[in-house]
Amino acid sequence: MTTEKKTEPDELIHIPPEMAIAEADVRSEEAGEFVRGSSLWRDAWRRLLKNKLAVFGLVFVIIITVASIVGPTLIKRTFGFTPDYIPSHDLRLTKSFPPFTGPDGEFSWAHPMGTDNAGRDQLARVLQGGQISLFVGIIATLVSLLIGVTYGAIAGYFGGRLDDVMMRIVDVLYSLPYIILVIVLLSMFRSQTPRGQLILLFVALGSVSWLTMARIVRGQVLSLKNQEFVLAARATGVSGPRIIFRHLVPNTLGPVIVYATLTIPQIMLTEAFLSFLGFGVQAPLASWGSLATEGIANISVFPWQLICPGVTMALTLFSLNFLGDGLRDALDPQMRTV
Amino acid sequence: MLRFIVRRLLITIPTILVVITLTWGLIKLAPGNFYSGERPLSAAVENNIREKYGLDKPWYQQYGKTMWSIIGRLDFGTSLRYEGQSVNSIIRRSLPVSATIGILAYALALVVGITVGSIAALKQNSKWDYASMAVAMLGISVPNFVLGPILVLIFSLTLYWVPPSRWNGFPSRNLILPVLTLSVVYMAYIARLTRAGMLEVLGSDYIRTARAKGLSEKDVVIRHALRGGLMPVISYTGPALAFLLTGTVVVERIFALPGLGNYFIQASLNRDEPLIIGIVAFIAITLLLMNLLVDIAYAFLDPRVRYQ
C-alpha cells in the first residue's frame, strides 16, 4: 500500500459532525425549503452573543490584548516615551505623579495612570506588563494543553489497565501541594537571566495545570471511541496514534477550548502570586503581578501604583472567566456545573 | 468502608514519600549550596561545613538519614538560619497562626457563601442572582495580594478602624483584615458551588414531594434542599484546603504574620534546606490526611456514594 492510498480513505471518512450538518443545510435550501440548519459552531456563537457578560468579556479581552501589543509603540509615537523612559531633566522633580497629572501638578493627558517612583509612565508600563502576563498565561496554557490532551487521549483510547494506572497517577498528583513544590523549584533553580526565569515559569506552571484537562479529554475520548467513525477508521487500517490525533482529539475541541479559556486566568493569577512572593518575573521584565507588588510598598502615599495594574489585571481575569463561562454555556448547555 | 480507608492510606503514604523525595531531590540538584555566598569560602572552612552537615557522605546516605528522621522519628532537623531552633519548634510555633486565620476565613466563607448562593438559586435569573454571581466572579478575579493592601488603605490608613498588620493573639482586631482578605475567594467559589448544587436539587423529585406534602418553603429549603445542594461544597473542601495554604502564604506576607507560609517563603529565599523540607513534608501530610477525612465524610453524608 502506498502512503497515498493510506491517507485517502482516512480523509474521506472523517467528516466532522458540523460539516455533515452544513451539507444538509445546503441541500434543504436547494429544495426551496425555508429551514435554516445551523452548525455547532454557528449555534454556539449565537448563544454566546446572547450572554451579555460573556460578550463584555470577549470585547474586553480583545481590547486589552490589542492595547498591550500596540499600546507601548503608540504611546511612544504620541508622547515620545518608552515604558523604560526615565525623565532626567531635573532629578529633584522626579516623583510619582497621580493619574492625569503633569509635572506642574496641572491636568494632563500624558500620564492617564500616573507615573511610578522613577517617573516612568504607568500606562506604558502596565500595557507592557500585559504583554508578559498574557504571554505567560497563554504559553503555559498551551504547555498544559499539550500534556493534558495527549495524556487524557491516550488513557481514554487504550483504556483498561493503562487507563487505571494513568488516572490513579492523576488522582495522586491532584492531592499534592503543587504550588509549594513550584515555589521550591523556582527558588532553587532561580535563573540568572530574566528570559531563563520566564521559561522556567512556563514549564513550572504548565506542568502542574494539565490534570483537569487530562480528565476532561479522557472522558470525552471514552464516550467517542466506540462510535462508528472510529470503527470505520480502524477498519480502513488507520493506526492507533492517527485515530487518536486525527479523529478523536478534534472532536474534543469544544470542552478543551472552554477549559483552556478558564485555565489562562488561573495561570495568570498564579504567575502574579509567584511574582508577589518574589519568584516570578524578574526585572527589567515586568508583569501585572510584579507591577502591583512594586505598588504595595507605596500604598499609603501613591495608591495608584497598586490600583492601576491591580485593577487592569482583575478586569482582565474577570473578563476571561466570564468568557470561559459563556463559552461553556454556549458550546455545551448540558455541562452547566459551577 | 474500612477497605476504602485502608486502600486510601496505602496510596497516601507513598505519596507523602514522593513529595518529600521530590523536594529533597530538587534541593540537591539545584546549583550552589546553602553556605555559598558572595565571597568564596576557603577550602578548610568549606570542608568543615560539609563535614558538620554530613554533606561529605554519599547522596544515598544523606537521603536515608533525612528520610529516616522524618518518617521514623517525625524529626525534621535543625534550621540553618534560625540558629539553634529545630524545625519542629518553628512549625509548632507558627502553625497556630496559620490555622487560626485559615479556619476563621473558611468558616466566614462558608456562612456567607452558602447564604448568598442559596438565595441566588432560589431567585434564579433575578437581579439579585445576576448581581451576586457577578460579584462572586469579581471576588475570584481580584488577586488577594491586591485586595489586601487596598483593604488596609481603606480601613486602616484612611478610616483608622482596624490595625493594618501584625499578630496579636487569637481574639484580636488584628485578625479582621487578614481573615477577610483570605476568605473572599472562598466565599465566591462557595457561593457559585452552592448555587449550582441548589439549582440541581431544587428541580428534583424529592423536593417536589416535600412541597406537595405541604411543608413550608423554609422547611423545604433548610431541611431538604440544602442537604443535597451542599454536596459540591463539601467535595470542594479538599481542594480548598490546598488553596487555603497558598492563600495564607500571601496573607501572612501582606500582614506580616508569623505563620507557616511566611516561614516557608523565608526559608525558600534563604535556602534553609531542613526548614523547606520540613514545612513541605508537614503540609503534604496534613493535606493528604485532610483529603482522606473529607472523602470519608462525603461517604457518610451522601448514602449514594459507595467506595469499593
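Because the model is predicted, local features are considered at a pLDDT of at least 70 and side-chain atom pairs at pLDDT 80 or more, while totals for chains, interfaces and linings use all residues. Residues are numbered from 1 along each chain as its sequence is written, with chains lettered from A and ligands numbered from 1 in the order in which they are written.

The predictor assigns the complex an ipTM of 0.80 and a pTM of 0.79. Confidence per residue is given by pLDDT, the predictor's own score from 0 to 100. Chain A has an average pLDDT of 75, with 77% of the residues at 70 or above. Chain B has a mean of 81, and 96% of its residues reach 70 or more.

Both chains can be read as a series of helices (DSSP runs of H or I, at least four residues; strands are runs of E, at least two; numbering starts at the N terminus). Chain A holds 14 helices and 0 strands, and chain B holds 12 helices and 0 strands. Within chain A, mean confidence is lowest in helix α1 (residues 3-13), at 40, and highest in helix α5 (residues 122-158), at 86. In chain B, the lowest mean belongs to helix α2 (residues 43-52), at 78, and the highest to helix α4 (residues 87-122), at 88.

Turning to packing, a residue is called buried if 20 or more other C-beta atoms lie within 10 Å of its own, exposed if 12 or fewer, and partly exposed in between, with C-beta atoms placed from the backbone. By this count, 42% of the 338 residues of chain A are buried, as are 38% of the 308 residues in chain B. Among chain A contacts with a separation of 6 or more, 68% join residues 24 or more positions apart; for chain B, the corresponding share is 74%. The C-alpha atoms of chain B fill a box of roughly 85 × 60 × 30 Å along the principal axes.

Conventions. Contact = placed C-beta atoms within 7 Å.
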